[in-house]
Amino acid sequence: MIKYLIITTVPALFILASVIWLIVALVRRSRSRKVAGGLVVVEIAILVVLYFHWFAPKEFPRNYLNDAQQSSQTLAEAATAKGFYIGAAIGNPSMPSYANLVPKEYNSITPENATKWRQMLVDGKIGEYDFTQADAIVDYAVANGVRVRGHTLVWGKFSGRTYPKELDERIASAVDPAAELRQVMRDHITTVMTHFKGRIKVWDVVNEPMSMDGPYLDKHIYLNTLGKDYIAEAFQIAHEIDPSVQLFINEQFGNYTSEGVEVFFDLLKWLQEENVPIHGVGVQAHNIFKTHNLDEFRQFMNRVTELGLLFEVTEFDARIRLFDAAEDPYQAQADYITEYARICIENPNCIGFTFWGLSDAGTWFDYVPPFSSMLPNDPLLFDINLHAKPARAGIIEALESRR
Ligand code: XIL
């Protein structure tokens, strides 16, 4: 996060400084105005190139619309036949694509936001829950025999958005901050898991324990107050409440061989040595600024499953503009998605592959800056009109050969 801020703010400040320099030099008729002017011209040229490369709206040919979509079974049927889950995140349960594509194409769903702590609270008040939105999403899925992944019980990033701001104040003013946080965490996990008992069979217990800034655990309210024990305790509490639920740790890696990966494996090994009831690892697999090295992804996944843990891809998306150098970007995107999914499908302990949205009409990139100004994003499996994109056929094929 800090890295991202630095990357965006430093150039912005630099440009601002050079514009101010130019103005001052012009006013004073100083000789440096030529240098300042030259600098500003170069900056403008760079910005224009970047605009056309990254921001100007583009259109790519949709050749896939000409292909006859032939397959004897739907994606969900192919997945269910092999005990595999193909999932989608559900934002608003009343959007027509939910009923159109689930349960026909997806046999698993994840509430995109509705089961996050802050989102379930009335006005962000700790302990005051409103489950209306979450129940609407979950009940539709359960009624249709679709698995639900719960997302997420403990997430220390983004105060006021993923967890209630009130928590910061409470812990800061507590006589015994560690005891207070333990109690609040226990109460929350208990309330939520009890509410969804029997309906949500797998939970992301801890989301994004790693820092985005370096190879260490994220230094947020949970780590600062409880040390890494917060992770172990969250899993223990969840397991006490319902030992039949699969408990996952969920993380985003843009690079599967970074130093942070080793810190993550140290964490997994520590959890196992401490006999913490952890059953699986989820990787989000958002392809935001670049695609991932798939050999490294395979090795990462195999290392996880060799530890005896289950594996899932939990939040996949890949922006179409990452493929704009290809002759047919939608086909290149499909090849990439298919390969990513195939690697997971080939490992018997990889049990699911979830897209972060039902279709390109409902992707978070379209409302989260800067991607909201980099259209199209089109990062998912069905297009804005719910036409299957070519990766669907590729994934069905991969599923058919799953052992
Ligand atoms: C995103 C949602 O898609 C957005 O609607 C919301 O505004 C922000 O959160 N990693 C996660 C997900 O674990 O919960 C995030 O979802 C995407 C990144």
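Me: Rings of Phe, Tyr and Trp (its six-membered ring) count as an aromatic pair if their centres lie within 6.5 Å, and the pair is stacked with planes under 30 degrees apart, edge-to-face over 60 and tilted otherwise. How many aromatic pairs does the structure hold?

Reply: This is a predicted model, in which local features need pLDDT of at least 70 and side-chain atom pairs pLDDT 80 or more, while totals for chains, interfaces and linings use all residues. Residues are numbered from 1 along each chain as its sequence is written, and side-chain values use heavy atoms, with hydrogens and water left out. The number of aromatic pairs in the structure is 32.

Me: Which arrangement do the rings of Tyr51 and Phe52 adopt?

Reply: The ring centres of Tyr51 and Phe52 are 5.2 Å apart. Their planes stand at 80 degrees, and the arrangement is edge-to-face.

Me: Is Phe52 buried or exposed?

Reply: Buried means under 20% relative accessible area and exposed over 50%, with partly exposed in between (1.4 Å probe, protein chains only). Tyr51 is partly exposed at 40%. Phe52 has a relative accessible area of 53%, so Phe52 is exposed.

Me: Why is the pair of Phe60 and Tyr330 edge-to-face?

Reply: The ring centres of Phe60 and Tyr330 lie 6.3 Å apart. The pair is edge-to-face because the planes meet at 75 degrees.

Me: Which helix holds Tyr330, the partner of Phe60?

Reply: Helices are DSSP runs (H or I, at least four residues), numbered from the N terminus. Phe60 is in the loop between α2 (33–55) and α3 (75–81), 270 residues from Tyr330. Both Phe60 and Tyr330 are buried. Tyr330 belongs to helix α13 (residues 329–346).

Me: Over which ring does the charged end of Arg161 sit?

Reply: A charge sits over a ring if NZ of Lys or CZ of Arg is within 6 Å of the ring centre and within 35 degrees of the ring normal. Arg149 lies over the face of Phe248, at 5.1 Å from the ring centre. Arg161 has its charged end 4.9 Å from the centre of the ring of Phe158.

Me: At what angle do the axes of α7 and α8 cross?

Reply: Axes are lines fitted to C-alpha atoms, for helices over the stretch in contact, with angles from 0 to 180 degrees between N-to-C directions. The axes of α7 (residues 166–173) and α8 (residues 177–195) come within 8 Å. Their crossing angle is roughly 145 degrees.

Technical notes. Helix = DSSP H or I, 4+ residues; strand = E, 2+ residues; numbered from the N terminus.
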